[in-house]
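Please open the model in your viewer and keep the selection panel at hand. Each stop on this tour says what to select and what is found there.

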Amino acid sequence: MKTRQLIMLAGLFLILGCKKAPEQLPVVDPLAFGGELDGKKVELFTLKNEQGMVVQITNFGGRVVDLWVPDREGRFTDVVLGYSTLDGYLNSNEIYYGTLVGRYGNRIGNARFTLNDSVYTLAANDGINHLHGGVKGYNDVVWDAVQSDEKTVLLSYLSPDGEEGYPGNLQVNVTYELTPDNELKIEYRATTDKPTPVNLTHHSYFNLKGAGEGDINDHVLYINAPFYTPVDGGLIPTGEIAPVDGTPFDFRTPMAIGARVNDDNEQLKYGQGYDHNWVLTTPSGPGLTLAARVVEPSTGRTMEVFTNEPAIQFYGGNFLNGKDTGKNGKVYNHRGALCLETQHFPDSPNHLEFPSVILEPGQEYYSICIYKFGVE
Ligand code: BGC
């Protein structure tokens, strides 16, 4: 080989070497992560796609532990808050980093509801209210897990009759899949042996600049919703379905999250910022709704959220307070991340005018949420 060809070949290797292959990303070490909890093995599963995206998922709470996404220069960063060890999660102030949420995502007022003339009392874990499935929700249990291929992990959990006050044995199956199109696809299925409310969701805290890299006030958000459900001081819907027109809740034109978050607005005071349920415009035919889109201007990263659910909770990380230090020693400060939780409306079991959340024996619950990453 001539010297010139050799130099060119060396150059090519150098260029290829600079672009980090997925296996070189500093992902969490699965061997250092696990442990045993409730007599079950806690594991960490690594999913990869052909575009270099990596997501790691643990069966403890079905959590997304890290999620590596490219920016407009092709540089990969971990965009979700979390910990590199099981102990980190067990000692955290915030208990919902990256979790699956159930049996009922969001709040149920007075931790109580009536169904078929029976009153059910749930665990109250948010003042007098019930939040995210109670004291020991699905975020806090060890799921059975099988990684079926490089891109898919299947999680299942049998939620027993009476757990946290809910009626019926609920068999829950969740699939996490990383698709070739840079989507993290979450599909939820459930069956029951007694009528019961079900509202499953996912609670990753996203910061598209990178986990622990400042706040999300400069992320630009679009929400495909002409209405939202105003709340009382305990963040329980009043029952009103209010237009977003002329309010800081109108994200139909993309807007920086921080632009209006400190406006003098009663609803923003109740949530200490954004922590509300938006009522989506759903397609008239089949197909999923583009519920929301987030753009991070400095890195160009974008995230779109698709779902078959009628609503989405946008929570702006108002209760993060710098008390948690996560992966790589990064501190998780006030509004350092956002959650976009596809769902039915909060407190639906107490609002018969809201879309029903009751699953009957013989029916199958099915919900889908896709977080699709891109750049612009
Ligand atoms: C809720 C917040 C709550 C947070 C807990 C969010 O889904 O909307 O009100 O504080 O979860 O992590």
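The tour below goes from the ligand to the pockets and then to the cavities.

Before selecting anything, note that this is a predicted model, in which local features need pLDDT of at least 70, side-chain atom pairs count only at pLDDT 80 or more, and totals for chains, interfaces and linings use all residues. Residues are numbered from 1 along each chain as its sequence is written, and side-chain values use heavy atoms, with hydrogens and water left out.

**Stop 1: the ligand**

Select the ligand together with Glu94, Tyr96, Arg107, His132, His203, Tyr205, Leu235, Asp275, Gln313, Tyr315, Phe319 and Glu341, which are the residues around it (a residue counts as near if one of its heavy atoms lies within 4 Å). By class, this shell has 5 nonpolar, 3 polar and 4 charged residues, where Ala, Val, Leu, Ile, Met, Phe, Trp, Tyr, Cys and Pro count as nonpolar, Asp, Glu, Lys and Arg as charged, and the others, Gly among them, as polar. At least three residues of the shell come from each of domain 1 (20-197) and domain 2 (213-343), with bounds taken from an automatic or database domain assignment.

An N or O atom in the side chain of His132 is 2.9 Å from an oxygen atom of the ligand, while a polar side-chain atom of His203 lies 2.8 Å from a ligand oxygen atom and one of Tyr205 lies 3.1 Å from a ligand oxygen atom. Of the 310 Å² of accessible area that the ligand has on its own, the protein covers 95% (Shrake-Rupley method, 1.4 Å probe).

**Stop 2: the pockets**

Where does the ligand sit? The ligand is in the largest pocket, that is, more than half of its atoms lie within 2 Å of the pocket's grid points. On a 1 Å grid over the protein atoms alone, a pocket is an open set of points with protein on both sides within 12 Å along at least five of seven lines, a cavity is a set where a 1.4 Å probe fits but cannot get out, and lining residues have an atom within 4 Å of a point.

The largest pocket has a volume of about 340 Å³ (the space filled by probe spheres set on the points). Among its 19 lining residues, Glu94, Tyr96, Tyr205, Tyr315 and Phe319 are the closest to its centre. This pocket lies between domain 1 (20-197) and domain 2 (213-343), because both give residues to its lining.

Next select Trp68, Thr77, Asp78, Lys209, Gly210, Ala211, Glu213, Lys327, Asn328, Lys330 and Tyr332, which line the second largest pocket, with a volume of about 160 Å³. By class, its lining has 3 nonpolar, 3 polar and 5 charged residues.

**Stop 3: the cavities**

The structure holds 2 cavities of 30 Å³ or more. For the largest cavity, of about 40 Å³, select its lining, including Gly102, Arg103, Lys136, Tyr138, Glu163 and Tyr166. The second largest cavity, of about 30 Å³, is lined by Leu81, Gly212, Glu213, Gly214, Val331, Tyr332, Asn333 and Gly336.

Methods
Polar contact = N/O pair within 3.5 Å; in protein donor to acceptor, adjacent residues only side chain to side chain.
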